[in-house]
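Here are my notes for your first look. Keep the model open as you read.

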Amino acid sequence: MGRVSRRFFGTATVGVLASVLTFSQASASGGPRGRWRERGASGAAGPGNAAGGLRGMWIATVANIDWPARQGQSAADAQRQLTDLLDAAAELKLNTVFFQVRPTADALWPSPHEPWSHWLTGTQGEDPGWDPLEFAVTEAHARGLELHAWFNPYRVAMHADLTALAGDHPARTHPEWVVTYGGRLYYNPGLPEVRAFVQDAMCHAVEHYAIDGVHWDDYFYPYPVAGETFDDADAFAEHGGDFDDLGDWRRHNIDLLVREMRERVAELKPGVPFGVSPFGVWRNKSTDPLGSDTRGGVQTYDDLYADVRTWVKEGRLDYVLPQLYWNIGYEAADYATLVRWWAEVTEGTGVQLYIGEALYKAGDTAQPDAWQDPAELSRHLTLCQDYPAVGGNAFYSAAHVVRDPIGAMTRVYEDHYRG
């Protein structure tokens, strides 16, 4: 199957085109903010309004995938581009946006813990003169949209040069926290001080902004790179305790991160949901009889050390939004097979299930024939209606929601959201 996650798409897109469509704010729909569809396991809310469930889109800022279109723009241009994306979401009757505010151990708000993001200004640590998170929350709510702050816990940089970071970057102050892997920099999840720091950095935004949710994607330990080893041997020796197996210890580290962050979010903002959007294959059935009938080249349990199934079964999340970025009938990872598997996993847990959709594949000639059909994504939503556990869908990503090159998003709207 190969790895088909946001990693591949992330470096291929350079942002929203200058000719991005502008939609009428007057058509905004999606229900009033706060009318949640279903409560999560802890009583925290899950995204999406009562009538239609989650209708979401991701706004990615790393590598300027969706926003801003380029680094170093004026505040007015960047704000206009962001409101264009929010207008598009409202016009299509979406109700939730997942806005990436901490893409690479940096910030899109004035954080006391980390520097301003260079994806915004072009220079890490440079103050843009305005607050993108505050602006996004205000403008989303004005359109009836919920805004979930999307954080990446451990990624430090998309390069391997520590000296290229801002001089006061915590990774430079604490180089012992950092692991170089696959040509990139990461914080070491095995260090307790790192786990505490990244939570502090994220919780600052949770505490100070009227966000409607806290969202993580699929990046925990990094995706495996052939021929390379993630160098956490010293951390394992110091903090491994009674663990004999490196993989079990790594999963334990991520388990702690999830549990502690959810507890802190619940304490800071009771009722604000905490959710994760994992890679779509937890484990293949050939690896584990509890796994899905797939042949995933990546398994989130084994390769990213994220035991998402256990988090769901033990109610450690309010919602789970797996990235099911394959078409119906795809041999190695059939969308229909995976929807059924996730529906069965979440049934009776109180954890709300939503499905992540690969809108970015629609019309891409490098993808299988199914993705050349504008109706493929609409069929996904029709299939999901057969599973009461599925509470809605989210589309990756915002630039493709706007551009909609073969009309797949328009077809979703006409078939499922228009009424």
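Is Asp415 buried, partly exposed or exposed? At 41% relative accessibility, Asp415 counts as partly exposed. (Buried means under 20% relative accessible area, exposed over 50%, partly exposed in between, with a 1.4 Å probe and protein chains only.)

1. Ground rules. This is a predicted model, where local features need pLDDT of at least 70, side-chain atom pairs count only at pLDDT 80 or more, and totals for chains, interfaces and linings use all residues. Residues are numbered from 1 along each chain as its sequence is written, and side-chain values use heavy atoms, leaving out hydrogens and water.

2. Asp415 meets Arg411 in a salt bridge, 2.8 Å from N to O. (A salt bridge is a side-chain nitrogen of Lys or Arg within 4 Å of a carboxyl oxygen of Asp or Glu.) The two are four residues apart in helix H14 (residues 408–417), so about one helical turn separates them. Arg411 is partly exposed, at 36%. (Helices, H or I with at least four residues, and strands, E with at least two, are DSSP runs numbered from the N terminus.)

3. Bridges involving helix H8. The structure holds 18 salt bridges. One joins Asp200 to Arg264, with the closest N and O atoms 2.8 Å apart. Asp200 lies in helix H6 (residues 192–208) and Arg264 in helix H8 (residues 246–268), so the pair ties together parts that are 64 residues apart in sequence. Arg251 also bridges to Asp248, at 2.9 Å. Both lie in helix H8, three residues apart. Arg251 is buried, at 10% relative accessible area, whereas Asp248 is partly exposed, at 35%.

4. A network. Salt bridges link Asp87, Glu139 and Arg143.

5. Aromatic pairs. There are 27 of them. (Rings of Phe, Tyr and Trp, the last by its six-membered ring, pair if their centres lie within 6.5 Å; planes under 30 degrees apart count as stacked, over 60 as edge-to-face and the rest as tilted.) Trp216 and Phe220 have ring centres 6.2 Å apart and planes at 65°, so they are edge-to-face. Both are buried. Tyr219 and Tyr223 are edge-to-face too, because their centres are 5.4 Å apart and their planes at 70°. Tyr223 is buried, at 0%.

6. An aromatic cluster. Ring pairs connect Trp58, Phe98, Tyr325, Tyr360 and Tyr396.

7. Leu383. This residue is in helix H12 (residues 376–384). Leu383 is buried, at 16%. Leu383 and Val339 are 44 residues apart in sequence and 8.6 Å apart in space, C-alpha to C-alpha.
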